[in-house]
Amino acid sequence: MKPVKVFRALIGLHVLITLCAAAPSVPTKTPPPDIFLITIDTLRADHVHCYGYTNGATPALDALAKDGVRFTQAFTPSPITNTSHASILTGLLPGSHGVTDFAVPLSAAHPTVAELLKEAQGYRTAAFIGAVILDSKNLAPGFDRGFDFYDNFPEHSSTKSRWGRVERRGMVVVERAQDWLSKHPAGPHFMWIHLYDPHDPYEPPMPYSQIYKDHLYDGEIAYADSALAHFIAYLKGSGKYRGSVVVVVGDHGEGLGEHHEDTHGIFLYDSTTHVPLIVKLPGGLSADTVVQAQVRTLDIMPTLLELAGAPFPQKRDGESLEPYFLSRSEAGRTAFGETDYPLRFGWAPLRSVRSEGFKFIEAPRPELYDLQLDAAESNNQYEPRDARVQKSRSMLSELRSKEAAAEGSSEGTKSGGIGAKDAGPNLLSLPDPKDKIEEQNLLHTAMIASEDNRSADARKTLEKVLALDPRSPTALRQLGELELQAGDYVQAAHHLKSASEVRPDDAAASFHEGQALEKTHDLAGARDALETSLKLVPEQFEARMLLGRVYLSLKDAVAAEDQFEAALLLQSGSVEAQLGLADAQITKGNFAEAARSMELLSKSQPKNAHVFDLLARAYSGLGKKIEAQQAEERAKQLYSKK
């Protein structure tokens, strides 16, 4: 019998013993274990106590490590939250699953662990997220596949505070998870719980803000650890802990100023790719085991499927970690890394290979580090003829070829991002992110200030970026958006026009430019900007609506009608689009069609003054004077009540 089968049999035996102790009768087939996947955002391995850190406290993680298997050398393939989580959920590298940036959909061609557990073993599934960036209706489309319940954020927040609007405290997340589990006791369960707290801005609640006032990042980790402790205590109190699988992993780390990177996303050094990984198995199996071999977070999905007795998907880049549960002498696994996040700012993407004690980073100025002698990655030993460089480049080339072949053989897998296969010489001609990190730190600071509604701070920071690079498309666009919100439409149009000139493929910049120009009554300019935006991204409802209104103002009713009809194809029930279409039809002289549509709409919108105003115009055009007068009077009554 193979070792993994022996191990699965042992798990089944422990689950069976647990059931025997809890119930008078035991089912003939041992059910799979409950599985709890807990991802802690922005968690560096070297800031966890059981990984050797002495300047912070993580008692819950330490206790879980005592009960389970602790991997000392676990690495994420990406330092970006959405990308790294897509790899955890699918077992695929970013170049395979395609989620290389925020808002890029996770293709249905790539099944998630939730889908596979539900399909194969009937798991009840739920996900609880701590940040809006993982909201499946917003910045993480497709992440909710396979989940019976996915705890998205409210579509319209009632608060201006970041808490509840863009982020949830860890204790809130686990309490929502506990509430769901209490209401759905029948299993087996697969639950994903995401704690966002260590992510910047570092604002832990009391007493952690006071205890860690000089190193608030550690205070956030300590608070997240307390939320984890709360959830573990709940599992123990409900009798679920002993027989369950509990996996805790960081999605990526944090720069904390190392290599001049304040946060994460730009570089592929260990500061942002080395994460803690702890796996607690049912019945105390392999408790207090420490594995020194190098593994990857993309190995988590196949591990969970193996432990649940579920089949693997055809396509996967990760491998089950089960061999490490049985033997500490297993060889390490090559860890590929990639980040396309620099492309957002017009800089070169990076790729890396971490293997056999060295790391190679492919960049405009490539890097090679001997990790045995230089764990801080401070002494670049790159030489193009170095055997390790040549081997790494060969591995990256093979990986690109494999991903390109896989994409070519499966339809619908393209996600709009730039994967590992695209990191060729043309992109390496872009600026090296190492030369732009000061700008990135400022841009990130400005983004956080904008999220917190501190527009003055954001504006000052963006002006500092433009002092470093007057053609920074990101700074120009963000500054333009701030001026647009503030009502300075002339300045907004100026900045957004400049942003569009630097980056002509930025649909959002062109859309916002169109908004600003419409406000300044530059209708021709607004038309051109909106047309440009829609050529890049045709599915923009708001851009279609605004362009329709602009065409009406330009007395081009035919073009306006086209835009409102296109808007209705995107949102068939939109009242505003129906009103716009009727307005265009009346302007064209198509009074009968406008009257029919407004008569229907008046039944569902009896208090909408605009409906009756348009109805009056349509009736007037048809020569129905009495009906026109009645509709006009109804419109006046409704307008007077506003």
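## A charge over a ring

Which ring does the charged end of arginine 169 sit over? It's the ring of tryptophan 163, with the charged end 3.7 Å from the ring's centre. Keep in mind that this is a predicted model. There's another case to look up: the charged end of arginine 634 sits over the ring of phenylalanine 612, 5.7 Å from its centre.

## The nonpolar cores

In soluble globular proteins, nonpolar side chains tend to be buried together. Here, the largest nonpolar core has 80 residues. Leu37, Phe71, Leu117, Phe143, Phe190, Trp192 and Leu277 are the members that touch the most others.

Let's zoom in on leucine 37. Leaving out residues up to four places away in sequence, leucine 37 touches Ile88, Leu89, Phe190, Met191, Trp192, Ile193, Val247, Val249 and Ile300.

## Rings that pair up

The structure holds 18 aromatic pairs. One of them joins phenylalanine 71 and tyrosine 324, edge-to-face, at 6.0 Å centre to centre with 85° between the planes. This pair links distant parts of the chain, 253 residues apart: phenylalanine 71 belongs to strand β2 (residues 69-75) and tyrosine 324 to helix α11 (residues 322-326). Both residues are buried.

Phenylalanine 147 and tyrosine 150 make another edge-to-face pair, 5.8 Å centre to centre and 65° between the planes. Phenylalanine 147 counts as buried because its relative accessible area is 10%, under the 20% cut-off. Tyrosine 150 is buried too, at 10% relative accessibility.

Finally, look for Phe102, Tyr341, Phe345 and Trp347, which form one aromatic cluster.

Note on methods: Residues are numbered from 1 along each chain as its sequence is written. This is a predicted model: local features need pLDDT of at least 70, side-chain atom pairs count only at pLDDT 80 or more; totals for chains, interfaces and linings use all residues. Side-chain values use heavy atoms; hydrogens and water are left out. A nonpolar core is a set of buried Ala, Val, Leu, Ile, Met, Phe, Trp, Tyr and Cys residues joined through side-chain atoms within 4.5 Å. Buried means under 20% relative accessible area, exposed over 50%, partly exposed in between (1.4 Å probe, protein chains only). Contact means heavy atoms within 4.5 Å. Rings of Phe, Tyr and Trp (its six-membered ring) pair if their centres lie within 6.5 Å; planes under 30 degrees apart count as stacked, over 60 as edge-to-face and the rest as tilted. Helices (H or I, at least four residues) and strands (E, at least two) are DSSP runs, numbered from the N terminus. A charge sits over a ring if NZ of Lys or CZ of Arg is within 6 Å of the ring centre and within 35 degrees of the ring normal.
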